[in-house]
Amino acid sequence: MIHRYPVQLLAIPSLDKEVWRVSAGVVRSGDLNRLETPSLFIGGLLLAFLLTSLAHAAEPALLRLQQASATPLPLTAYLTLEDLNERPLPDLTLTPQQFSATVGAHHATVTAVEPFAKAGEGIAYLLLVDISRSLKEPQFVKLRQALGDWVNALGPHDRAALLTFGTEVRLIQDFTADKAALQAHLAHLQPTDNQTRLYLGLLRALELSRRPSPDLPRRRLIVLLSDGQDDFAGGATVEEVQAALNDQRTPIFALGFANPPRTPAKDAALKTLGMTARRSGGAYQNLGETPLPAAYAELRRRIEQAVVVRLDCPACPTDGSRQRLRIEWQSGTQRLSDEIDLRLQPPPPPAPAKPAEVTPPAESAPEFLRQPLWWALIVSLALIMVLAVVGVAFAVRRRRLAAPPIVVAAAEIPAPIPVSKTVAAAPELPGLSVRLIPVGAGPGPVYTLNIRDRAVIGRRPDCHLVITDDDELSGTHCALVRNGDRLLLEDLGSTNGTQVNGVPIHGRHPLHDGDRIQLGHLDLRLSLPGSAP
């Protein structure tokens, strides 16, 4: 049996052939026994050098900050320590003392460091699917299978949303833990579109990933399979995607593929896709000849090898302004660091405390009521009273039947008293005060609506919010509908449609604080009661 040990070739003329065989990289088990003492000593030195080289190769060479979130507190960052080939090193022993952090000009204390797999958290996945014909039907079948495996592997705390891009960007399924619903939508996807709006799909996925919802895990990321090409003339650009990532990072984990023949344009598109994924804090993997299920499994393994870092920064401003988070790791003389921007939102106001209900002490019955004789007397008296009432009623009825009928002239019959149709109305619930704040260049008016049931937006004068200077709006374009404490947006069959966070809606769609509503030329951000002005 031959054991192979990779070593460097060293020219040592004084050694015999057996040592040359060691330096060439092959040692036979029988040869080890025949090596003389000097040869064994040199071989041991070579083996020690080999083990030292391997240990050095496994040292971290890159710290990559994937994402940071302060909603809810504490401030939490997700990062990976990677080798020279950008492969995560999951078996490192990490302690809070090895890390230091700052948020803007303020020092932050690292309170805990743990592997993500042991943190008990979930992930909100945005599965971004290309439905253009750049994917052939056999490839798309394998894509559906690989995404189906991904959905089946969702943990109890995970959520997933399904977003497609081609000629249009469509939100097929909002974030859900319902695996059956996700699988049903995946089964109906087909490569049908003739164009690819990759960058608009990424922008819409980034907006959805930033939804301030307490029902979603704080760690959010985008999973994408693409050839990196966007052929929609006049559409979104990669510069817009990079600007959105600079404002608030959501990691993109991308698989790149290119159908033959290979061309410089295809290579350039994949290079841009890989650069965008790495700048987002995510990772890029060239599909090549790797089967799709294996490639997706490797991508998921990289995602799960992140490290969770908890930070405490009581002096940090929580006013929603953008702050620079910097985290540094040090081991001996080695230092690695990375920086990202984040926004620290103000904490939600505490819910008003409910007054404790005071239960009056139960009064004990008088002593005489506890005697059976008294109860028997009370029941007897009640029975006598019931019989007396029945007897009186029977006698009165017999007297009325025996009396002659009384004839009254029609003129003497009094007119009936009119009955008022006014009914006291039940007290109405207080209105839900919402604000619609313009987004983008150029200030515009802030619209305030007090919604009890629904508020219609459009050009007609009988709408609750009348906007006459936008010819892209329909007469009755859409409505904000209140359902208890929830707010829904309903498109009323408008000509040009209504969008939430850039995604067209059909029928009613739930709204959350901070969502962007696009209708006509308007781009408005929703602000619900209790949110920052």
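Q: Which residue forms a salt bridge with D267?

A: First, the ground rules: this is a predicted model, where local features need pLDDT of at least 70 and side-chain atom pairs count only at pLDDT 80 or more, while totals for chains, interfaces and linings use all residues. Residues are numbered from 1 along each chain as its sequence is written, and side-chain values use heavy atoms, with hydrogens and water left out. Now the general idea: side chains of opposite charge can pair when their charged atoms come close. The cut-off for a salt bridge is a side-chain nitrogen of Lys or Arg within 4 Å of a carboxyl oxygen of Asp or Glu. Here, D267 pairs with R262, with the closest N and O atoms 2.8 Å apart.

Q: Is R262 buried or exposed?

A: Buried means under 20% relative accessible area, exposed over 50%, and partly exposed in between (1.4 Å probe, protein chains only). R262 is exposed, at 71%, while D267 is partly exposed, at 30%.

Q: How many salt bridges does the structure hold?

A: There are 24. One of them joins E339 and R326, at 3.2 Å from N to O. This pair links distant parts of the chain, 13 residues apart: E339 lies in strand β15 (residues 334–343) and R326 in strand β14 (residues 322–331). Helices (H or I, at least four residues) and strands (E, at least two) are DSSP runs, numbered from the N terminus. E339 is partly exposed at 29%, and R326 is partly exposed at 29%. Through shared partners, salt bridges join R322, R324, R326, E328, R335, E339 and D341 into one network.

Q: Which way do the residues of β11 point?

A: In a regular strand the side chains alternate between the two faces of the sheet. In this case I252, A254 and G256 point one way, F253 and L255 the other, and all are buried. Because 5 of the 5 residues of β11 (residues 252–256) are buried, the strand is largely enclosed by the rest of the structure.

Q: In which sense do β10 and β11 pair?

A: Two strands pair if DSSP finds at least two bridges between them. Strand β10 (residues 219–226) and β11 pair in the parallel sense, over 5 bridges, and S226 has G256 as its bridge partner in β11. The chain gets from β10 to β11 through helix α7 (residues 238–247), in a right-handed β-α-β crossover. Right-handed means that, with the strands pointing away from the viewer, the path from the first strand over the helix to the second runs clockwise.

Q: What stands opposite L255 in β12?

A: That's Q285. β11 and strand β12 (residues 283–286) pair in the parallel sense over 4 bridges.
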